[in-house]
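Trainee: I'm new to this one. Could you walk me through it, a question at a time?

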Amino acid sequence: MIYITGDTHGDISRFRDSITRKLKRDDLLIVCGDFGFIWDGSRAEINVLKKLSELRYTIAFIDGCHENFDLLSQYPEISWNGGIAGRISDNIIHLKRGQIYTIEGKKFFTFGGGQSPDIDIRRETNTWFEQEQPTKEEVEEGLRNITLNEGIIDYIITHEPPQSLKKCLDLDIYDHLETDGFFEQILTDCVYSKWFFGKCHINKIIPPKFYALFDNVIRLETD
């Protein structure tokens with residue numbers, strides 16, 4: 001089974017709630033950015049990652065805005081379900097930007113990154129990383145993979161929502177990201193069933209296909 005949740009921000013309680021405690025060996029939990037368990041490399045953090053690595057199911061996350069990208073870049077890249085991923089441990093996978101993974105017969109397009117709402121404060125405290133913002137090269141990689149799949153994707157997993165949804169989500173519509181035009185192109189040119197994103201810290205369904213996720217853990221019906 002495949003499950004999806006929103007930003008975890010290093011909070012292990014998400015992996016101890018009534019749903020995640022029941023996940024089995026072959027299950028997968030996807031996190032829509034701001035995983036947050038790879039932040040300072042401290043002994044406490046290493047111990048928490050060890051506990052997560054002992055879970056019987058797989059955790060796969062896209063990066064968000066609040067990540068330590070210097071630490072993330074140190075993990076090896078692997079081929080995983082048809083795409084390139086970062087291997088944190090045997091059961092913890094970093095889903096890279098612009099990749100398409102085939103899981104349980106369904107295609108998942110993933111694109112992490114975004115812009116921190118607290119960017120000024122984090123710059124002052126040296127906890128901001130330029131790599132949080134997607135690049136033109138990463139967008140081009142996404143376009144190539146979408147083209148190879150003829151624009152047909154089952155599910156889209158991003159951290160940022162499409163630009164056209166930001167106003168109704170009370171996000172700053174004047175922020176400009178490399179992904180803005182790209183996501184709007186996906187909206188019009190691609191065939192997909194559902195689009196999931198984190199960032200907003202709300203649980204909200206926006207008909208017909210959009211799901212803002214925070215602390216809800218939902219099961220994805222792939223049959």
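This is a predicted model: local features need pLDDT of at least 70, side-chain atom pairs count only at pLDDT 80 or more; totals for chains, interfaces and linings use all residues.

Trainee: Okay, what is the phi of Asn81 near?

Mentor: Asn81 is a residue other than glycine, and yet its phi is positive. Its relative accessible area is 35%, so Asn81 is partly exposed. As for the angle, phi of Asn81 is near 50 degrees.

Trainee: And which loop holds Glu150?

Mentor: Glu150 also has a positive phi, near 55 degrees, and it isn't a glycine. Anything over 50% relative accessible area is exposed, so Glu150, at 67%, counts as exposed. Its place is the loop between helix H4 (136–148) and strand S9 (155–158).

Trainee: Which residue is joined to Pro208 by a cis peptide bond?

Mentor: Start with the place: Pro208 is in the loop between strand S11 (204–206) and strand S12 (210–212). The cis bond there has an omega of about 5 degrees. The residue joined to Pro208 by that bond is Pro207.

Trainee: Let's go to helix H1 (residues 43–53). Why are its buried residues on the same side?

Mentor: The buried residues of H1 are Glu45, Leu49 and Leu52. They end up on the same side of H1 because the arc they cover around the axis is only 55 degrees. On the other side of H1, the exposed residues are Arg43, Ala44 and Ile46. So the reason for the shared side is that arc of only 55 degrees.

Trainee: What do the buried residues of H1 pack against?

Mentor: Recall that we're talking about Glu45, Leu49 and Leu52. Packing here means contact, with heavy atoms within 4.5 Å. The partners of these buried residues are strand S3 (58–62) and strand S6 (92–95).

Trainee: Now charges. How many salt bridges are there?

Mentor: Side chains of opposite charge can pair when their charged atoms come close. The rule asks for a side-chain nitrogen of Lys or Arg within 4 Å of a carboxyl oxygen of Asp or Glu. By this rule, the count of salt bridges is 11.

Trainee: How many residues apart in sequence are the parts that Arg97 and Glu138 tie together?

Mentor: The side chains of Arg97 and Glu138 meet in a salt bridge, 2.9 Å from N to O. Arg97 is buried at 8% relative accessible area, while Glu138 is partly exposed at 24%. Arg97 lies in the loop between S6 and strand S7 (99–103) and Glu138 in helix H4, so the parts they tie together are 41 residues apart.

Trainee: Which residue forms a salt bridge with Glu141?

Mentor: Look within helix H4, three residues away from Glu141, which is about one turn of the helix. The closest N and O atoms are 2.7 Å apart, and the partner is Arg144.

How values were computed. Residues are numbered from 1 along each chain as its sequence is written. Side-chain values use heavy atoms; hydrogens and water are left out. Buried means under 20% relative accessible area, exposed over 50%, partly exposed in between (1.4 Å probe, protein chains only). Helices (H or I, at least four residues) and strands (E, at least two) are DSSP runs, numbered from the N terminus. The arc is that of the directions from the helix axis to the C-beta atoms.
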